[in-house]
Each structure stands twice: as structure tokens, then as C-alpha cells.
Amino acid sequence: MEDIRKELDKLEQYLKIKPLYWDFDKNEFLWIDTRLLPWKELYRNTKDFRRVAQAIKEMEIRGAPAIGVSAAYGMSLALKYSNANKPEDLLNYAKEAYNVLASTRPTAYNLFWALNRLWNVILKSSEKNDVEFMKEETLNEAHKIYIEDIKNNIEMGKHGSKIIDNNFRIITHCNTGALATAGFGTALGVIRYAFYEGKNIHVYADETRPLLQGARLTIWELKKEGIPSTLIVDGASGLLFSKNMADLAIVGADRITLTGHVANKIGTFNLALAANYHKKPFYVAAPTSTVQPTENPNDIVIEERSPNEVLNIMGQLTIAVDGTHAFNPAFDITPPELIEGIITEKGIVKKPYLNNFKAIMYSY
Ligand code: MRU
């Protein structure tokens, strides 16, 4: 545990925004409620895995890596506070927690990646026939996932910053910053890293209908750090590229297949089309924990959310007449031919994605 705390101290400098963390004194999990941003900075806390599942489902916590890390802590809470005193009972309870957490958001691959990683640790540790050992091993693994996520984001920043030249104007979509991860961010982490290196950059943030993660969260993060930014509506990117007002687009991902198909927040595909039409590079930044080891893009599950999110703005203002039908897919899939490169913690993956992903995913 001391090692983990030392590692965390070293990363502190990169955590100007701390979206979620484990409280080592109270042994509980905390997160900033992103539904309330930018109006209110409120941390929530719990020792109950079901509350973590609720926070993910209701998008207090969102963004694929943040969802994965939180689910890992959710599993740890389930085991830590379980009354089971036999390994088989604890395993049964862990399976229940797994199912509850896995049923929260269907597209974010990091969720399943993190839960499966913990499940393997739980199974292995059960061989020792000691429930306390199982609990410790599970929490340790969650800490490892948390630390790895932050480190991976910093690595992505290092690799990705190379594609950002001085004076670049960059369009991004949704929120891929600290708030979408354990800290620092993926696509916004790359942008953040370039800014820390002293590059003069300007970020255009798509507002990201319907839940406005770009307007509410990305702009909040950029302003907090003094990174120059402008908010645009989702449909504006074509005009910006055509008027030579933007040089590059960079987004995150909820799920990537080995073929390089990228599921990300609805509107990403349109941004990629606009960038490609104008011969501007379109990049994706995501850790390899977002990569589903499949060669079939049809394996990507697209979450469909309530039409009410489209019919109302943040549940406040109704914007269409009663009886209007709305369709609300939360993600779309950008095909590999539109993607210049996928920035991972292991480097920038280029076409042909299948060969190159296999090489980085399965090389040790
Ligand atoms: O519905 P959300 O807000 O969870 O969607 C988030 C995104 O689409 C992000 O771009 C993606 O998870 C990558 S975050 C680093």
C-alpha cells in the first residue's frame, strides 16, 4: 500500500483536476459529480458499490476510462464491505457486483476491460482460501488500474503532442479531459501536454449535444488551466475547416476494434467527415484498455439513451412540441479510413490498423 501511495504522490503534479479517487483514511470512493458542472463543484462519496453503479448509469461519472476505473473501485467496495466469510460466498457476491456494474453503460469498453481484469484477480486470489487476502488483492488491483490510467494518459500526451505544431487550432468533441479519466485526459490530455510544452494553441470545443459535455466540461477544464478556447456548435466544424480556421481534429474513444473502427460520442463521425473533406488530419487518442480485441466492428454495442435528452436541454427546457419523436444514439462509429492515427500509450498506431494494433496489443 505504501508503494501505491508513493506512486500517487509522484503523479500529483499532473492532477490539477482530480475527478475521482480513493480515500485511504476512510476507505471510500469519491468522485466529482460531472452532471453539476460547471455550476457546482461537488464531490460525492460512497462505500456502496451500488451507488458507484448508479453514478455511472446516471452519468455523474462518465467518459470510458473514468467509467472503467470507477467500476474497479466499485468491485473493491463490494468485496471490502461484504460480510461473506467463505471464499465461495465472496465469489458469489463479487459476481453479483460484476453484473450490476457491467449493466451501467454498454459502449464504454474500459468498463468490461476493468471488470474482467478484477474478476481474474478475484478468482486467482480465492485459491488461497482467505477472504481478507481476496479483498486486499482486489483493492490493490483497482489502485493499479487507477495509476495506470493516469500514466497512460501522460504517455499519450507525450506521443500525441508531436502532431500538434505551434499555433495549431484544434477541434475536439465531447469531454476527453481529466473528467473523463482517472486524471489528465486522453485527447484533451494530448492538447494539455502540448500546452504544457509551451506551444501556442487554440482549442475549438464542440458543445456536444445533447448533454453538452463539450460546453459544460471541456470548456471548464480548459479555462481552469488557461488554455485558449472557443465554444462552437457541433455543426460548425465544416465551416471552420473550409475557412482555414482549424488545422486538426482530435477526439477520444469509447471503444476501438482491432480494425481501427472507433466508437465515440455522437457527432464524432461527422467531425471526421468534415476534417477529411478538407484534407485536415483527424486523430483519436485512447489507451489500449479501450481496444476490444475483435476484428468485427459489428461487435460494437451502441448505447441508445432516452429521447428526453434530445427533447429537453439538460432536463430544464423543452425544445420541441409535445408528441415529437426523437432518436438518441449516444455514440457513432468512425471508419478507419477517415482516421490519420490512433494515439495510444504505446505510440501512434497508423494504417493498416489490424496489423499494427495486433503488433502493439500482443507484443510483450
Ligand atoms: O457519454 P459520455 O460522456 O460517457 O461519452 C464520453 C465520450 O464519448 C468520450 O469521448 C470517450 O469516453 C473518451 S473519454 C476519454
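Reply:
**A sheet and the ligand**

Ile256 has Val291 in strand β11 as its bridge partner. A strand here is a DSSP run of E with at least two residues, while a helix is a run of H or I with at least four, and both are numbered from the N terminus. This is a predicted model, in which local features need pLDDT of at least 70 and side-chain atom pairs count only at pLDDT 80 or more, although totals for chains, interfaces and linings use all residues. Residues are numbered from 1 along each chain as its sequence is written, and side-chain values use heavy atoms, with hydrogens and water left out.

Strand β8, residues 255–257, pairs with β11 in the parallel sense over two bridges, where pairing requires that DSSP finds at least two bridges between the strands. These strands belong to an open sheet of four, ordered β11-β8-β9-β14, whose pairing is mixed. At its edges stand β11 (291–292) and β14 (331–334), and each has a single partner strand, so one side of each is left without a neighbour in the sheet.

We now turn to the ligand, which sits in the largest cavity. A cavity is a set of points, on a 1 Å grid over the protein atoms alone, where a 1.4 Å probe fits but cannot get out, and a molecule sits in it if more than half of its atoms lie within 2 Å of its grid points.

Several polar contacts (pairs of N or O atoms within 3.5 Å) can be followed here. A side-chain N or O atom of Arg105 is 2.8 Å from an oxygen atom of the ligand. For Arg62, a polar side-chain atom lies 2.9 Å from a ligand oxygen atom, whereas in Ala64 a backbone N or O atom lies 2.9 Å from an oxygen atom of the ligand. On its own the ligand has 410 Å² of accessible area, and the protein covers 100% of that area, as computed by the Shrake-Rupley method with a 1.4 Å probe.

Key: A polar contact is a pair of N or O atoms within 3.5 Å; within protein, one must be able to donate a hydrogen and the other to accept it, and residues adjacent in sequence count only if both atoms are side-chain atoms. On a 1 Å grid over the protein atoms alone, a cavity is a set of points where a 1.4 Å probe fits but cannot get out, and a pocket is an open set with protein on both sides within 12 Å along at least five of seven lines; lining residues have an atom within 4 Å of a point.
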